[in-house]
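I open this notebook to log what I looked up in one protein model. The entries follow the order in which I checked things.

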Amino acid sequence: MQALTAFPFTSELTYDAKGWPQLDRAVDAAVLRKCLSNYYNDGVFATNWSSCFQVTAADDGTASVIVKPGVALVRGATGYTEVDTAIVMPDADDSLPRIDTVVIRLNDNTDYRNMYLDVIEGTAASAPVAPALTQTDSIYEIGLANIYRTANSTSISGSNITDTRQDSSRCGYVTAITKLDTSTLMAQLNSYYIEFQSDSASWMEQKKVEFDEWLNTLKNQLSGDVAANLQQQINDIVELTDEEVDEATP
């Protein structure tokens with residue numbers, strides 16, 4: 001019998017030689033996060049909450065945005081805020097437009113171990129594109145909104161903001177994972193199919209041999225004087241029938 005990594009279970013409380021408490025069923029954050037990441041995909045919780053982490057323009061005419069309260073799940077870690085969060089955007093480029101992205105960043109590095117609202121500054125260009133998200137083992141970002149900054153602009157309006165919460169390639173909404181990995185099942189089915197093909201080929205080959213033998217026998221019977229051979233077979237049948245009649249007559 002092999003034990004699994006499992007939780008939650010009530011721990012037995014004991015103490016070591018120095019008096020430190022010991023919990024025999026304690027688990028670390030990685031166990032819970034692994035379970036949650038297998039249950040749900042990353043994103044923001046938007047069920048009955050359309051403004052969850054929505055990014056809007058500040059109403060003071062500055063280059064700031066407001067991130068609405070919300071709850072998010074990133075790699076099994078949950079982060080939330082219950083208040084509006086004001087974010088001052090980086091200064092616009094002097095001559096070219098740029099796209100910046102407001103993100104939720106999970107930082108698993110020892111000095112951080114938290115989730116943050118932040119901004120990724122894009123690259124100014126005549127045809128700017130949204131900056132790439134960092135998605136590594138230690139830092140993982142989801143993008144809430146792209147902010148289009150015109151050259152030398154000092155304010156942000158609602159028309160400058162593209163909501164990307166619904167874009168699963170950038171963020172997405174938290175839902176129960178429904179995509180199933182059927183690769184092992186398909187491999188097994190393919191194995192059965194290959195075996196069936198092999199058995200069918202063998203069966204067909206055997207039937208072909210039997211048919212060829214029957215056909216050759218028929219050819220031999222019909223060779224030479226065909227009429228004489230047929231008449232002889234008829235006579236054999238009639239003779240057999242007469243014998244059966246005689247046997248049945250009292």
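This is a predicted model: local features need pLDDT of at least 70, side-chain atom pairs count only at pLDDT 80 or more; totals for chains, interfaces and linings use all residues.

I take helices (H or I, at least four residues) and strands (E, at least two) as DSSP runs, numbered from the N terminus. Residues are numbered from 1 along each chain as its sequence is written, and side-chain values use heavy atoms, with hydrogens and water left out.

I located Asn-146 in strand β11. For accessibility I call a residue buried under 20% relative accessible area, exposed over 50%, and partly exposed in between (1.4 Å probe, protein chains only). Asn-146 has a relative accessible area of 13%, so I log it as buried.

Asn-152 sits in the loop between β11 (139-149) and β12 (161-163). With a relative accessible area of 53%, Asn-152 is exposed. I noted a positive phi near 60 degrees for Asn-152, which is not a glycine. For reference, most residues other than glycine have a negative phi.

**Entry: the loop between β3 and β4**

I found Ser-51 in the loop between β3 (43-44) and β4. Ser-51 is partly exposed, at 26% relative accessible area. From Ser-51 to Pro-69 I read 7.6 Å, C-alpha to C-alpha, across 18 residues of sequence.

Phe-53 belongs to the loop between β3 and β4 as well. Phe-53 is buried, with 4% relative accessibility. Its phi is positive, about 55 degrees, although Phe-53 is not a glycine.

**Entry: cysteines**

How many disulfides does the model have? I count a disulfide when two cysteine sulfur atoms are within 2.5 Å, and by this rule the count is zero. Cys-52 is in no disulfide, and the nearest cysteine sulfur, in Cys-171, is 8.6 Å away.

I treat two strands as paired if DSSP finds at least two bridges between them. Three strands form an open sheet in the order β4-β5-β8, with antiparallel pairing. β4 (55-57) and β8 (85-88) are at the edges with a single partner strand each, so one side of each has no neighbour in the sheet. Direction ignored, neighbouring strands of this sheet are turned by 35 degrees against each other on average; axes are lines fitted to C-alpha atoms, for helices over the stretch in contact, and angles run from 0 to 180 degrees between N-to-C directions. Between β4 and strand β5 (residues 64-67) I count three bridges, and Val-55 has Val-67 in β5 as its bridge partner.

**Entry: two hairpins**

Strand β6 (residues 70-74) runs antiparallel to β7, joined by five bridges. Gly-70 is opposite Thr-81 in β7. The β6 and β7 hairpin has two residues between its strands, and Arg-75 in the turn has a positive phi of about 55 degrees.

Strands β9 (residues 98-107) and β10 (residues 114-120) are antiparallel, with seven bridges. Thr-101 is opposite Ile-120 in β10. This hairpin has six residues between β9 and β10, and Arg-113 in the turn has a positive phi of about 45 degrees.

**Entry: the largest pocket**

I searched on a 1 Å grid over the protein atoms alone; a pocket is an open set of points where a 1.4 Å probe fits, with protein on both sides within 12 Å along at least five of seven lines, and lining residues have an atom within 4 Å of a point. The largest pocket holds about 150 Å³, the volume being the space filled by probe spheres set on the points, which are joined across faces, edges and corners. Its lining includes Phe-53, Tyr-80, Thr-85, Ile-104 and Met-115. β7 and β10 are the elements that give two or more residues to this lining. The largest share, four residues, is from β10.
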